[in-house]
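Colleague: Please show me the model, and let me ask how some of its labels were reached.

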Amino acid sequence: MHAMSKHAPTRGLRGSVAMVILAIAANVGGPSAFADDSVNTGYFGGVAIMGYDPVAYFTRGKAMKGSEKFSYEWLGTPWHFANAKHREMFISEPMKYAPQYGGYCAGEVAFGSVTVNIDPEAFKIIDGKLYLTYDQGGANWFATHAVEAVAKADDNWPKIAADLKLDQYH
């Protein structure tokens, strides 16, 4: 595990179990923030965002657990939603609601690495995009340094995505 400075988000385990990545655009009409069509499902469970509703981050402004009752398979992975309306919103515009960088820790991606382990309640919405992080300190750091952090993460993502595809983080 990497040491964490007081100004940087928690560093992840480079040798952690690496899931694959989610195909989503980082910028509307801009470069892709993802290079594959798979989803980070964390260490356990096999569900995107550990079963949290991606639409609730936008509509409720908070992390909200979804339900298997309102699930939808996208990119080969189940996504859970709190209600049918959220599921329908996601189905109509999945790239609007899905997290950036395949659901990996955005702060870690900004530092040129990856951690599969994220806290679904440690998130920020910046310029209409959902960023998940390892912990609340990382989310706060990422938001405070958003211009620089997003630019660095966007620059780092293609190499990280390629490494993930080659399973370089095991």
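The talk below goes through a few labels in this predicted model.

Colleague: Why is Thr77 called buried?

Modeller: Buried means under 20% relative accessible area. Thr77 has 7% relative accessibility, so it counts as buried. Thr77 is found in strand β2, residues 77-81.

Colleague: Which residues does Thr77 touch, leaving out those up to four places away in sequence?

Modeller: Val39, Thr41, Gly46, Val47, Ala48 and Tyr72. A contact needs heavy atoms within 4.5 Å.

Colleague: What makes β2 largely enclosed by the rest of the structure?

Modeller: 4 of the 5 residues of β2 are buried, so the strand as a whole is described that way.

Colleague: How do you know that β1 and β2 pair?

Modeller: Pairing requires at least two bridges between the strands. β1 and β2 have 5 bridges, in the antiparallel sense, and therefore count as paired. One of the bridge partners in β2 is His80, which goes with Ser71.

Colleague: What lies between the two strands of that hairpin?

Modeller: There are 2 residues between the strands, and in this hairpin Leu75 takes a positive phi near 60°. Leu75 lies in the loop between β1 (67-74) and β2.

Colleague: How do you know that the length of helix α6 agrees with its number of residues?

Modeller: Helix α6 covers residues 146-165, which is 20 residues. At 1.5 Å a residue it should span 28 Å, and its end C-alpha atoms are 26 Å apart, so the two agree.

Colleague: Where in α6 is there a kink?

Modeller: At Trp157, shortly before the proline Pro158, with a bend of about 40°. Trp157 is also among the buried residues of α6, which include Val150, Ile160 and Leu164.

Colleague: What do the buried residues of α6 pack against?

Modeller: They pack against α4 (106-110), β3 (119-126), β4 (129-133) and α5 (136-144). Just after α6, Asp167 takes a positive phi of about 65°.

Notes
Residues numbered from 1 in each chain as written. Predicted model: local features only at pLDDT ≥ 70, side-chain atom pairs only at ≥ 80, totals over all residues. Heavy atoms only, no water. Expected span 1.5 Å × (residues − 1). Bend = angle between axes of the 7 residues up to and from the residue. Buried < 20%, exposed > 50% of the residue type's maximum accessible area, 1.4 Å probe, protein only.
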